[in-house]
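This briefing covers a two-chain model.

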Amino acid sequence: MRVILALTVLILGSTGGEIAITHGMKATGEPVRLRPLELLRFLGRAVRNGWFWAGVPLMALSFYSLLVLLSWEPISLVIPASALSYVVGTLGAKYILGEQVSAARWAGVVLVCAGVALVAAG
Amino acid sequence: MASERRLRIKTLIMVLAMVVCANAGDLMLKRGMSQIGAVQLTSAGLAQAFRLTVTNGTIWMGILFLTGFMLSYMTVLSWADYSYVMPAGAFGYALLTFLAVIFLHESVSPRRWVGVVLICAGVMLVGQTKPRTTALASEAVA
């Protein structure tokens with residue numbers, strides 16, 4: 001039970017954090033050119049966005065629950081189970097960020113999720 | 001569709017930068033931590049581990065690469081879909097397996113090879129979709 005709870009915090013924390021950061025980055029807008037000075041200005045704009053700072057603690061929470069999980073269960077169970085975040089993240093992208101997830105993209109996400117689980121299980 | 005092509009190319013470059021930085025960073029951290037040795041979970045042991053990690057050059061290289069990963073991730077998300085970048089980044093797991101076989105001569109189980117094939121197929125499928133499906137910030141305002 002506590003494993004399922006920690007896994008839920010791990011997956012929702014990382015995808016929630018990444019979705020918040022994606023939202024913040026879309027509001028920041030892309031850098032005009034990929035040159036050092038332009039990139040510095042771009043990062044300055046990014047860290048002044050509230051959504052970025054909403055994402056960081058969520059990702060820290062997720063990392064903490066990963067550490068806790070690793071102290072209870074073997075890594076060969078924890079990492080494959082966390083591969084579910086590919087599916088959860090895609091659901092979030094579709095329903096929260098409003099991205100269009102085509103059938104091809106869904107198929108790719110499911111293959112990646114299964115593949116990562118198999119690779120991490122060894 | 002010159003802009004579409006440009007979008008694909010710059011997204012591909014940033015995803016590659018992400019994957020290379022994440023893998024190199026993890027590798028450096030692992031190497032640095034094995035130089036330090038197993039950490040004792042006592043206050044003296046943790047203080048000792050802290051001193052050794054902040055003075056270890058390999059650890060700092062690892063932190064530098066992981067910072068590079070975070071910056072390239074943030075940059076690519078400023079123009080590309082999260083549901084495009086996130087699965088594409090999983091290519092790193094496949095790359096790590098190839099590197100382990102070529103350079104470390106590790107033996108890889110059939111189950112892991114099946115996983116690598118699934119990841120590559122999945123990344124190719126996602127890669128064929130449009131990198132961006134939401135409106136640009138400037139378009140949304142107009």
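A nonpolar core is here a set of buried Ala, Val, Leu, Ile, Met, Phe, Trp, Tyr and Cys residues joined through C-beta atoms within 7 Å. A residue counts as buried if 20 or more other C-beta atoms lie within 10 Å of its own. The model is predicted.

**Nonpolar cores**

- The largest nonpolar core has 47 residues.
- Those with the most contacts inside this core are V112(A), V116(A), M18(B), V76(B), L77(B), V85(B) and I119(B).
- Helix 6 of chain A, residues 103-121, gives the most to the core, with seven residues.
- Apart from its neighbours within four places in sequence, V116(A) is in contact with A83(A) and Y86(A) in chain A, and with A90(B), Y93(B), G115(B) and I119(B) in chain B.
- A second, separate core has five residues, among them A6(A), L7(A), I11(A) and L69(A).
- As background, nonpolar side chains tend to be buried together in soluble globular proteins.

**Helix 1 and helix 3 of chain A**

- Helix 1 of chain A (residues 2-28) packs with helix 3 of chain A (residues 50-72) at an angle of about 155 degrees, and their axes are 7 Å apart.
- Angles over 145 degrees count as roughly antiparallel, and helix 1 of chain A and helix 3 of chain A are therefore roughly antiparallel to each other.
- The crossing of helix 1 of chain A with helix 3 of chain A is left-handed.
- By class, the residues of this helix contact are 19 nonpolar, nine polar and one charged.

**Contact between the chains**

- Chain A puts 38 residues into the contact and chain B puts in 32 residues.
- On the side of chain B that touches chain A, helix 3 (57-77), helix 4 (82-89), helix 5 (91-103) and helix 6 (110-127) of chain B each supply at least two residues.
- Helix 6 of chain B gives the most to that side, with twelve residues.
- The side of chain B that touches chain A divides into 18 nonpolar, eleven polar and three charged residues.

**Chain A overall**

- Chain A has six helices and zero strands, and its elements run α-α-α-α-α-α from the N terminus on.
- Along the principal axes, the C-alpha atoms of chain A fill a box of roughly 45 × 35 × 25 Å.
- Of the 122 residues in chain A, 39% are buried.
- Among contacts in chain A between residues at least 6 apart in sequence, 78% join residues at least 24 apart.

Definitions and conventions. Residues numbered from 1 in each chain as written. Chains lettered and ligands numbered in written order. Predicted model: local features only at pLDDT ≥ 70, side-chain atom pairs only at ≥ 80, totals over all residues. Contact = placed C-beta atoms within 7 Å. Helix = DSSP H or I, 4+ residues; strand = E, 2+ residues; numbered from the N terminus. Nonpolar A, V, L, I, M, F, W, Y, C, P; charged D, E, K, R; others polar. Axes fitted to C-alpha atoms, helices over the stretch in contact; angles between N-to-C directions. Parallel < 35°, antiparallel > 145°, perpendicular 65-115°, else oblique. Left-handed = near helix turned anticlockwise from the far one by under 90°. Buried ≥ 20, exposed ≤ 12 C-beta atoms within 10 Å, placed from the backbone.
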